[in-house]
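Trainee: I would like a close look at one residue and its setting, and then at how other parts of the chain are tied together.

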Amino acid sequence: MIATRGRVVDVMVWALLACLTAHLQLTETRMEEVDSKYKSMEAHPQSTENPKPEPPRVETRLGQCFHLSRKDCPTDGKCKRLEPDSVFCCDVDSFRLKEALAITMTQNTTHLHVLNATISELDVSQSIFRRLTSMALTDGNIGKITGQFPKYSSIACLNISNNNLSSATLQPPIQRPFAYLFNLTLLDASTNNLTEFPLSLVQSNRKISVDLSGNNYLPCKHFLKVMETNNSSLVTFLNYDKTFCALDLRFNWFKDVLIVPIDHLRVQKELNISCRDIKPAGSNCTCVPDRLELVDGVNNVVAVLVDCSQRHLKEMPTNLPPNTARLNVSYNNITSLQPVSDQSYEHVRQLFVDHNDIANIVDLEGTKFIDHFMVFSIAHNKLKTIHTYILSDRFETVGPSLFISGNYIHCDCNTEKVLKPWLLEHFKNIPDYKGLKCEDNMGGVVDLRESQVCHTPRDWTDYIYYIIGLEVLILVLLISKVSYDYWVFKTAGYLPWPANKMPRLPCDWLCE
């Protein structure tokens, strides 16, 4: 019993000693903290050295990566560390850049700007680029970008502007440099020679700002594809008003490229919606915007060019997009122009209905088109006559043109007397007037002769002039004979034989 109590006392003594030891250590630690605080409050001795100038402040503006001007270029080397997280290099080549970055970049470097780099081949797969959040290589000459940025790179802002880059050097056929830039929110590839849009950068569900100004030969169809995708609201084009694209123009064998602002495509996107509403349904017409100087007295109105050619249409389309100025329905099976009276034809100034089955233009009478058209081409149809009274008023002004070649009309005397002079009078408005032919292989209308077409049955009135002429001749002969007989009678005293044998008449005393 006594031994048990002794053991309990020993345990309690050892526990008390452990508590006292822990308390002493905690007191020493707190005293050290207090001493350090007091030491930090002591005045530091003033340094005799001149203070170093502060490095340029690193700033990133909206729509611009970490970027400095040439005045901030290092004077004692090719690269310098401005802050623990920023490095700026100037006027370097491939070797010097690799060497300088190995010295200046650390694990904390997240911002890099290289100005005026002459690099034949830039390998972006280097591990030093993995931790960067802002990378800029500007105003230089980069021959080729190879490799791919490391997987899960942190780059959020990439500026490769003004480096004479082309699509062939930016996106090699095998490797895609930007495939793993999942955090990228800003790409500045302006002022290069790109001809392909980096579609892979905008096909993810994230907001991204892209500056492609100064690359005038990027295909418009690529921009339009981006604008028409479901994620188009996530893509912002910086320098929107200064961004242009190349629009392919094709007309038969002719091909050309037109440089247009990308705002042109916004209009195209809206136009595609209204173009699908053209009737009859399923026409599959194409609609293209074009800027005109003046439409109905309104400046800078976006006029629309609608192409419904070769669509197997049997009637003229209706419900055209607003401000349709040009309509092409050539190479169809249209037989009537009656739908031209539709309200949607109000602004149509150029109408091409070549190679159809139209027999007349009477349906155009009273329409706004016939009063304001500038080009009306109805060549190679089935016209049988030209109603000149419908077109004459429009030809009193300068400018409108009519194309009617390839039509074989019925020719008669009225054609030679009326239509032929009308064509010759308005030849300036009808450039192909010689191409209007007569049916039955009679040749061109302007080559008609009266003897070919002006044939009428003869009656007795056709000889009246001959009868009158004969009577006048007989009268003259009689007067001459009487005058001769009178002269002989007065000079010789006798009458010639015919007069001598004539019986005396009661009125002969007048001549005695």
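Trainee: Is Leu 478 buried or exposed, and at what relative accessibility?

Mentor: This is a predicted model, in which local features need pLDDT of at least 70 and side-chain atom pairs count only at pLDDT 80 or more, while totals for chains, interfaces and linings use all residues. Residues are numbered from 1 along each chain as its sequence is written, and side-chain values use heavy atoms, with hydrogens and water left out.

Leu 478 counts as exposed because its relative accessibility is 52% (buried is under 20%, exposed over 50%, partly exposed in between; 1.4 Å probe, protein chains only). Leu 478 sits in helix H10, residues 464–492 (helices are DSSP runs of H or I with at least four residues, strands runs of E with at least two, numbered from the N terminus). Together with Leu 470, Leu 473, Ile 474 and Leu 477, Leu 478 makes a nonpolar surface patch of about 500 Å² (members have over 30% relative accessible area and no salt bridge; nonpolar side chains are joined within 5 Å, like charges within 9 Å). Areas are Shrake-Rupley values with a 1.4 Å probe, and a salt bridge is a Lys or Arg side-chain nitrogen within 4 Å of an Asp or Glu carboxyl oxygen.

The link is right-handed, with 90° about the S-S bond. Cys 413 is partly exposed, at 26% relative accessibility.

By this rule there are eight disulfides, one of them between Cys 65 and Cys 157, with S to S 1.7 Å. The torsion of that bond is about -95°, so the Cys 65 to Cys 157 link is left-handed. It joins distant parts of the chain, 92 residues apart: Cys 65 is in the loop between helix H1 (2–41) and strand S1 (79–83), and Cys 157 is in strand S8 (residues 157–159). Cys 65 is buried at 2%, and Cys 157 is buried at 10%.

Another disulfide joins Cys 285 to Cys 308, S to S 2.0 Å. Here the torsion is about 115°, so the disulfide is right-handed. Cys 285 is buried, with a relative accessible area of 11%, and Cys 308 is buried at 0%.

Note on methods:
Disulfide = S-S within 2.5 Å.
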